Amino acid sequence: MKTVSITVDVEDWFHAVKLRHLFPIENWSTKKLLVVEPLAFILDTLEQLNIKATFFVLGWIAETHPEIVKDIHSRGHEMASYGMTHVPNNILSDKEDRQELHHKHRGDRRPRLHDWRPCSYRTGCDLERLSQNRSRISC
């Protein structure tokens with residue numbers, strides 16, 4: 001039997017860093033969330049194949065659509081954090097990086113998502129800016 005690790009990033013089209021100038025964080029709540037249907041397909045497929053995965057959920061999604069997190073968790077998958085707002089940590093100051101990790105408004109390193117906590121954290125990375133700031137490589 002083969003063993004593999006599967007991770008899934010739970011984010012939506014307007015969360016892309018490259019589009020941040022067009023879709024600022026303050027306007028996210030006005031956008032239609034399109035991740036629900038593809039995510040349901042992924043969850044159903046993994047369930048049919050009896051496969052568990054780690055889901056890196058954007059904190060904004062966890063807070064604004066807790067039913068998504070509840071569905072992932074209820075199916076027995078591992079929960080992880082993708083940061084609050086998907087800002088690549090290699091373009092943040094140390095203070096901003098800590099705020100993103102601590103989920104800004106919560107003051108808690110790993111925010112509670114219903115009755116459980118994410119198992120780990122990972123961040124996006126702006127590869128174009130990486131060469132400009134080599135001291136903060138942490139993708």
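Within helix H1, the residues Leu39, Leu43 and Leu46 are buried, and seen down the axis of H1 the buried residues fall within an arc of 65°, so they line one face of the helix. The model described here is a predicted one. Its sheet is open and consists of three strands in the order S1-S2-S3, with parallel pairing.

**Helix H1**

- Helix H1 has 13 residues and reaches 18 Å from its first C-alpha to its last, which is close to the 18 Å expected at 1.5 Å a residue.
- The buried residues of H1 pack against strands S1 and S2 and also against helix H3, which covers residues 66-74.
- On the other side of H1, by contrast, Glu37, Phe41 and Gln48 are exposed.
- Just after H1 comes Asn50, a residue that takes a positive phi of about 55°.

**The sheet**

- Strands of a sheet pair through backbone hydrogen bonds, and this pairing is either parallel or antiparallel.
- The edge strands of this sheet are S1, at residues 7-10, and S3, at residues 78-81, each of which pairs on one side only.
- Averaged over the sheet, and with direction ignored, neighbouring strands are turned by 25° against each other.
- Strand S1 and strand S2, the latter at residues 54-57, run parallel and are joined by four bridges, and in this pairing Asp9 stands opposite Phe56 in S2.

**Helix against sheet**

- Helix H1, spanning residues 36-48, packs on the sheet and touches both S1 and S2, while its direction makes about 165° with that of S2.

Conventions
Residues are numbered from 1 along each chain as its sequence is written. This is a predicted model: local features need pLDDT of at least 70, side-chain atom pairs count only at pLDDT 80 or more; totals for chains, interfaces and linings use all residues. Side-chain values use heavy atoms; hydrogens and water are left out. Two strands pair if DSSP finds at least two bridges between them. Helices (H or I, at least four residues) and strands (E, at least two) are DSSP runs, numbered from the N terminus. Axes are lines fitted to C-alpha atoms, for helices over the stretch in contact, and angles run from 0 to 180 degrees between N-to-C directions. Contact means heavy atoms within 4.5 Å. The expected span of a helix is 1.5 Å times one less than its number of residues. Buried means under 20% relative accessible area, exposed over 50%, partly exposed in between (1.4 Å probe, protein chains only). The arc is that of the directions from the helix axis to the C-beta atoms.
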